Amino acid sequence: MYRGSKTVALLSTFALMGALLLGCGSSNTNESNTASPTAETTEAPAATEEAAATTRMFTDWSKHEVEVPVAPQRVIYHGETTGDLLALGVKPIGIMVDAIKGTVMENQLPDVEDVGFPLSVEKSLSLKPDLIIFSNSDEQQYEAISKVAPTVTFNTFDKLDVRMRFLGDLFNKKQEAEDWLAAHAVKMSEMWAELHANGVKEGETASVFTMYPGNRLFIMAGAGLPQFLYEEGGFKPTPIIQDLIDKETGFAEISAELLPQYAADRIFILNPVDPAAQESTSDLLKSEIWQKLPAVQSGQVYNFDILKAGSDAMSREWLTGELPNVLLK
């Protein structure tokens with residue numbers, strides 16, 4: 001499911017192992033006030049006005065009402081879609097560094113600090129953030145993290161436009177988010193027009209598979225590359241994949257025997273990084289059940305490196321140029 005810590009944890013684990021990349025409250029300390037009553041009366045309004053000018057209330061994914069900075073400056077982002085922030089011109093000071101290794105963003109944050117997975121409270125404290133974005137709905141973890149700084153939860157499995165508008169609101173960059181989405185929509189429309197003009201038929205279906213260590217086969221549904229492929233004007237999911245999407249399932253483990261049920265007109269394989277998963281992928285592609293799939297027999301199977309074909313905004317921009325290269329070569 002999209003919602004819940006188990007899915008986010010599994011997806012993050014995929015990212016950290018190179019097998020799948022696509023998974024606030026504030027704590028105030030009360031201090032005694034020794035000033036005179038007169039001093040309190042004259043200073044309180046000024047302090048209140050200053051606070052009102054620099055903070056505001058924000059409702060996060062998990063429905064926490066959080067007092068956040070109007071213009072956050074020191075942001076920790078703990079999630080799999082760092083590219084969403086970069087697309088809005090926001091460079092976090094702390095992230096899961098392993099989550100961007102091998103991605104299109106790998107060299108864009110040379111000085112960023114690693115806050116680990118799971119997020120290290122101690123490391124986060126040392127960075128003195130004024131905002132933490134936490135892509136998890138685990139309340140126990142949230143309680144610990146929100147003591148460090150104002151913390152908002154964020155659903156990285158939401159659709160791109162939902163995520164970008166959420167962040168645009170959070171960072172007081174609503175217009176920038178709309179401008180980016182409008183420009184991206186134009187690029188997507190032009191890309192699909194090019195593909196349809198060069199042999200990709202309207203209404204063709206697509207499915208995305210990847211292997212995980214332990215010879216585990218996954219069908220991707222509402223997370224990662226399918227979010228890009230199933231955009232308006234693009235490929236369609238098969239009915240069984242659409243059912244997973246309707247149930248808000250990001251991905252699901254299946255047996256190889258079920259491949260014919262999930263295989264579409266075109267098949268995309270996400271190349272894993274883990275050597276054991278690479279070997280399992282090679283074995284799968286040699287299997288009789290794989291060789292009999294219509295898409296395999298018609299030569300409509302395509303490969304993407306799993307770490308590059310993510311669902312974040314920067315990876316999506318890369319895919320608009322890369323998908324035509326892969327399909328039309």
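# Exercises on cores, helix packing and local geometry

The largest nonpolar core has 48 residues, and those with the most contacts inside it are Leu225, Leu229, Phe268, Phe304 and Leu323. A nonpolar core is here a set of buried Ala, Val, Leu, Ile, Met, Phe, Trp, Tyr and Cys residues joined through side-chain atoms within 4.5 Å. Buried denotes under 20% relative accessible area, exposed over 50%, and partly exposed the range in between (1.4 Å probe, protein chains only).

The model is predicted: local features need pLDDT of at least 70 and side-chain atom pairs count only at pLDDT 80 or more, while totals for chains, interfaces and linings use all residues. Residues are numbered from 1 along each chain as its sequence is written, and side-chain values use heavy atoms, with hydrogens and water left out.

## Exercise 1. Two helix pairs

Describe how helix 7 packs with helix 6 and with helix 14.

*Solution.* 

Step 1. Two packed helices are described by the angle between their axes and the distance between the axes. Axes are lines fitted to C-alpha atoms, for helices over the stretch in contact, and angles run from 0 to 180 degrees between N-to-C directions.

Step 2. For helix 6 (residues 160–170) and helix 7 (residues 174–196), the angle is about 155 degrees and the axes are 7 Å apart. The two helices are therefore roughly antiparallel; angles over 145 degrees count as such, under 35 as roughly parallel, 65 to 115 as roughly perpendicular and the rest as oblique.

Step 3. Residues Leu160, Asp161, Met164, Arg165, Gly168 and Asp169 of helix 6 meet Lys174, Ala177, Glu178, Trp180, Leu181 and His184 of helix 7. By class, this contact has five nonpolar, two polar and five charged residues. Ala, Val, Leu, Ile, Met, Phe, Trp, Tyr, Cys and Pro count as nonpolar, Asp, Glu, Lys and Arg as charged, and the others, Gly among them, as polar.

Step 4. Helix 7 and helix 14 (residues 313–328) pack at about 10 degrees, with axes 10 Å apart. Helix 7 and helix 14 are therefore roughly parallel.

Step 5. On helix 7, the residues that meet helix 14 include Trp180, His184, Met191, Trp192 and Leu195; on helix 14, their counterparts include Arg316, Glu317, Leu319 and Leu323. The contact of helix 7 with helix 14 has eleven nonpolar, two polar and four charged residues.

## Exercise 2. Backbone exceptions

Locate the cis peptide bond at Pro118 and the positive phi values of Asn215 and Glu248.

*Solution.* 

Step 1. Most residues other than glycine have a negative phi, and most peptide bonds are trans.

Step 2. The bond joining Phe117 and Pro118 is cis, with omega about 0 degrees. Pro118 lies in the loop between strand 5 (113–114) and helix 4 (121–127).

Step 3. Asn215 is not a glycine, yet has a positive phi of about 60 degrees. Asn215 lies in the loop between strand 8 and strand 9 (216–220) and is exposed, at 53% relative accessible area.

Step 4. Glu248, also not a glycine, has a positive phi of about 60 degrees. Its place is the loop between helix 9 (239–246) and strand 10 (251–254), and Glu248 is partly exposed, at 32%.

## Exercise 3. Surroundings of Gly79

State whether Gly79 is buried or exposed, and what it touches.

*Solution.* 

Step 1. Gly79 lies in the loop between strand 3 (75–78) and helix 3 (82–87). Its relative accessibility is 2%, so Gly79 counts as buried.

Step 2. Not counting residues up to four places away in sequence, Gly79 touches Met96, Ala99 and Ser135.

Step 3. Gly79 and Thr156, 77 residues apart in sequence, are 7.1 Å apart in space, C-alpha to C-alpha.

Note on methods: Helix = DSSP H or I, 4+ residues; strand = E, 2+ residues; numbered from the N terminus. Contact = heavy atoms within 4.5 Å.
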